Amino acid sequence: MLKSLLMDEKRIRSTAMKLYRLLHLMNLLVNNDKTTIKKLSDELEVSRRTIYRDLETLTMAGFPIVSYAGYGGGITIADGYKFDKRLLSNEDWENILTGLNTIKTMGDTDKIEYLIGKIAPKNIEAINEQSDIIIDMSQWYDDDTQELIVGIRSAINNKSIVHIEYQTKSSSTKREIEPYKLIFKEREWYLYAYCLLREDFRLFKINRISFYKILPDNFIPKKVVVPSLEIDDTKKIYNNKAPNKYHVILEFKLQDKEFLIEALGALNFKTIDNKGIIDFQTANLDYTANLVISLQNKVKVISPNSLYERVANIIDKMKNLYER
C-alpha cells in the first residue's frame, strides 16, 4: 500500500512538472509571433528532443502548431487561434490543477493563482472537489526549509550565485554555487548546482545547508545534464530482489506499533503470539543497523545474528560515550 502511494506521488510530481512545462510552452507560443526550437529549449532548460515531444503532445491535444522551414523560419501557432478550454476534459483539468496546486505549496502562491485564473474553466471549485489527490509540499511545523527553497528558486530564476555553508559527513565547508535545479526525491529536497570550489556539478542535500546568502553576482548558465537519481540497490533497506540478501526479523511491543508505523510505514508488520514482528529482506546490514538504532528501544533484533552484533556494538560505543 505504502509503495503504491509513493509510486503514485512520484507519478503525480512528474506529471505536475510536465504540465507546468507544457503550459509555459503554450504561453511562449501564444505570446511570440515566431520562435525556434533552440530558443524554446534554452528558455525551458530542457533538451531539444523534449521540446519536440512536448510540441507533439500539444498538437495531439488540438493546439494548432505551425512550422516554417528555411531562413527566418521557426515555430508558431495558426493565426487567429484562441485557446479553447473545452479541449481539456475534467480529468485533464484535475491533473493540471493538482500539479499547479502542488507547485503553489512551494512558495509560488501569487504566480500560480494568477496562472490558474487565466487558464482554468469557471467550474474550478467543482473540479478541485472531484480530484482524488492533494499534494502539499509544505511542512506541518515551522522550519526554515520552506524559506530556503523559496530563496533558492529565486536565485535559480535570477541566475544568481549563492554562498552556502554545507555540512558533509566529515566536515563543514563554505562554497559559492550556481544553482540550477531543485529536486524532490524520496521525501527529501536536493539542489543540483555547479560548485565553484570543486569546478563541477554537485547534488546538495537541502537539509545539510546550514546557511545561505544570495549574492549580487550573476552567472552565465552552463549546459545542464541532470544526473540519474536511481537508488543504488546496495543502499536499499527493504530489498527483496537483491542476490545477497539477509532475512531480518525485528520484535516489538504492540504498544509501540504506532511509533514504528510512523517511522517505517505499515509494510512488513505482523502480529504473532501477542508480539509484534517486522519481517523483511535487506542487502545492506550497515544501513539496517543504523535504522534499528534510530528506532531507540522500540525494537529488538531477532535475526540475523550478524545484524544483532552490529547493533550491540553500536550500543556499546554509545554507552561508553555517556559513561562518566
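Reply: pLDDT is the predictor's confidence in each residue, on a scale from 0 to 100. The protein chain averages 77, with 68% of its residues at 70 or more. This is a predicted model, in which local features need pLDDT of at least 70, side-chain atom pairs count only at pLDDT 80 or more, and totals for chains, interfaces and linings use all residues. Residues are numbered from 1 along each chain as its sequence is written, and side-chain values use heavy atoms, leaving out hydrogens and water.

Some background comes first. The protein chain has 10 helices and 11 strands (DSSP runs numbered from the N terminus: H or I of at least four residues for helices, E of at least two for strands). Of its 324 residues, 34% count as buried (under 20% relative accessible area; exposed is over 50%, partly exposed in between; 1.4 Å probe, protein chains only). Among contacts (heavy atoms within 4.5 Å) with a separation of 6 or more, 60% join residues 24 or more positions apart. Residues 1–7 call for care: pLDDT stays under 50 there. The model has 7 contacts beyond four places in sequence for that stretch.

Now the close look. Helix 9 covers residues 285–294, and helix 10 covers residues 305–322. Their axes lie 9 Å apart, at an angle of about 55° (lines fitted to C-alpha atoms over the stretch in contact, with angles from 0 to 180 degrees between N-to-C directions).

Which residues of the two helices make the contact? Helix 9 brings Leu285, Asp286, Thr288, Ala289, Asn290, Val292 and Ile293. Helix 10 answers with Ser306, Leu307, Arg310, Val311, Ile314, Ile315 and Met318. By class, the contact holds 9 nonpolar, 3 polar and 2 charged residues (Ala, Val, Leu, Ile, Met, Phe, Trp, Tyr, Cys and Pro are nonpolar; Asp, Glu, Lys and Arg are charged; the others, Gly among them, are polar).

Pro304 comes next. Pro304 sits in the loop between strand 11 (300–303) and helix 10. The peptide bond from Ser303 to Pro304 is cis, with omega near 0°.

Tyr246 ties these places together. Leaving out residues up to four places away in sequence, Tyr246 touches Leu285 and Pro304, along with Phe280, Gln281, Thr282 and Ala283. Tyr246 belongs to strand 8 (residues 246–252). Its relative accessible area is 35%, so Tyr246 is partly exposed. Thr282 is 36 residues away from Tyr246 in sequence, yet their C-alpha atoms are 5.2 Å apart.

Follow the chain back to Asn274. Asn274 lies in the loop between strand 9 (269–272) and strand 10 (275–282). Phi of Asn274 is near 60°, a positive value in a residue other than glycine. Asn274 is exposed, at 69% relative accessibility.

Glu199 has a positive phi too, of about 55°, and is not a glycine. Its place is the loop between strand 5 (188–195) and strand 6. With a relative accessible area of 62%, Glu199 is exposed. Arg202 is in strand 6 (residues 200–205). Arg202 is partly exposed, at 32%.

Is Asp54 buried or exposed? Asp54 is buried, with a relative accessible area of 2%. Asp54 is part of helix 3 (residues 48–60). Beyond its neighbours within four places in sequence, Asp54 contacts Lys18, Arg21, Leu22 and Leu25.
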